Amino acid sequence: VGWHWLGMVEWESSKGYEKAVELWKKAIEVCASHAETYEAWGKAAAEMGDLDEARRVVRLGLEEVKGSKVDKAMLLQCLATIEGDYGGNMVQARHLVEKSLKADRKRSASWEMVARMEKSNGQRQRGLEVVKEGMEACRGGKVGKLYEMGGEMMAVSGDMDGARRMMEQGIEQSPSEKEIWKAFVDLEERFGDRDMAKRIEQRQVSVFRSGTNAEMDGLYKLV
């Protein structure tokens with residue numbers, strides 16, 4: 001929806017909330033079930049400090065997208081973010097993100113959120129278990145962030161070998177995600193070996209320069 005993206009540009013470029021809302025309202029007039037518009041509007045309202053409006057907008061979206069489990073999961077997670085990050089109600093946030101996963105088990109962002117909750121509660125091991133559950137549930141999707149989280153949890157706990165194995169698996173699953181390569185380099189610089197970090201950077205350059213799956217396959221293993 002063109003109006004949606006115009007609203008996003010307005011909000012992200014200048015934080016022009018009122019103008020962005022005008023554009024998002026037009027997007028909804030064109031397509032009342034456009035979940036991304038409700039998500040963007042709700043998050044913007046929360047950032048502006050208007051939590052009641054944020055909740056209202058996202059709940060309206062949930063009413064409009066009843067037939068789509070994917071959209072429902074996205075909006076439930078959005079509402080969980082509003083309650084947790086802006087409202088400070090972590091109990092409600094946990095309840096909502098779990099509902100999100102019931103709607104769509106393949107939503108990696110919801111698994112990431114649950115893992116972060118466990119980690120913030122001091123339950124790093126449980127957080128790692130959640131990460132692994134998410135990897136399995138989302139197999140074949142974009143899961144680089146889950147591997148990043150798992151790798152960092154292992155590195156922080158002192159298991160750098162395990163962290164390396166997890167990051168290698170992440171690269172194998174999502175070799176085109178630049179973020180996971182960057183995260184791997186960062187882990188080595190913080191917890192491991194700076195020389196290894198440089199070698200990973202060199203591998204990334206080779207992979208993205210070649211751009212072919214056959215050449216990528218030969219670059220997954222640490223040399």
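Predicted model: local features only at pLDDT ≥ 70, side-chain atom pairs only at ≥ 80, totals over all residues.
Glu39 lies 20 residues away from Arg59 along the chain. The C-alpha atoms of Arg59 and Glu39 are separated by 9.9 Å.

The overall architecture was examined next. The protein contains 13 helices and zero strands. From the N terminus on, its elements run α-α-α-α-α-α-α-α-α-α-α-α-α. Along the principal axes, the C-alpha atoms fill a box of roughly 55 × 40 × 30 Å. The protein has 223 residues, and buried residues make up 48% of them. Its accessible surface comes to about 11900 Å². Carbon and sulfur atoms hold 47% of that surface. Among contacts with a separation of 6 or more, 49% join residues 24 or more positions apart.

Helix packing was then described for two pairs. Two packed helices are described by the angle between their axes and the distance between the axes. Helix H3 spans residues 35-47 and helix H5 spans residues 69-86. They pack at an angle of about 5°, with their axes 10 Å apart. Angles under 35 degrees count as roughly parallel, and H3 and H5 are therefore roughly parallel to each other. On the H3 side, the contact involves Ala35, Glu36, Tyr38, Glu39, Gly42, Lys43, Ala46 and Glu47. These meet Asp71, Met74, Leu75, Cys78, Ile82 and Tyr86 in H5. The residues of this contact divide into eight nonpolar, one polar and five charged.

The pair H9 and H10 was treated likewise. Helix H9 comprises residues 144-156, and helix H10 comprises residues 160-173. Their packing angle is about 170° and their axes are 7 Å apart. Angles over 145 degrees count as roughly antiparallel, and H9 and H10 are therefore roughly antiparallel to each other. H9 contributes Tyr147, Glu148, Gly150, Gly151, Met154 and Ala155 to the contact. H10 contributes Met160, Gly162, Ala163, Met166, Met167, Gln169, Gly170 and Gln173. The contact residues of H9 with H10 divide into seven nonpolar, six polar and one charged.

A disulfide is a covalent bond between the sulfur atoms of two cysteines. With a limit of 2.5 Å between cysteine sulfur atoms, the count comes to zero disulfides. For Cys31, the closest cysteine sulfur is that of Cys78. The distance is 17 Å, which is too far for a bond. Cys31 has 26% relative accessibility and so counts as partly exposed. For Cys138, the closest cysteine sulfur is also in Cys78. Here the distance is 18 Å, again too far for a bond. Cys138 has 4% relative accessibility and so counts as buried. Cys78 itself is one of the H5 residues that H3 meets.

Lys72 is found in helix H5. At 37% relative accessibility, Lys72 counts as partly exposed. Not counting residues up to four places away in sequence, Lys72 touches Leu62, Val65 and Ala103. Asp104 lies 32 residues from Lys72 in sequence. In space, Lys72 and Asp104 are 8.2 Å apart, C-alpha to C-alpha.

Glu118 is found in helix H7, which runs over residues 108-120. Its relative accessible area is 9%, and the cut-off for buried is under 20%, so Glu118 is buried. Leaving aside neighbours within four places in sequence, Glu118 is in contact with Arg94, Gln123, Arg124, Arg126, Gly127 and Val130.

Lys15 was inspected for its backbone. Lys15 is found in the loop between helix H1 (2-14) and helix H2 (17-30). Lys15 is not a glycine, yet it has a positive phi of about 55°. With a relative accessible area of 42%, Lys15 is partly exposed.

Conventions:
Residues numbered from 1 in each chain as written. Heavy atoms only, no water. Axes fitted to C-alpha atoms, helices over the stretch in contact; angles between N-to-C directions. Helix = DSSP H or I, 4+ residues; strand = E, 2+ residues; numbered from the N terminus. Parallel < 35°, antiparallel > 145°, perpendicular 65-115°, else oblique. Contact = heavy atoms within 4.5 Å. Nonpolar A, V, L, I, M, F, W, Y, C, P; charged D, E, K, R; others polar. Buried < 20%, exposed > 50% of the residue type's maximum accessible area, 1.4 Å probe, protein only. Areas by Shrake-Rupley, 256 points an atom, 1.4 Å probe, with all protein chains shown as cover.
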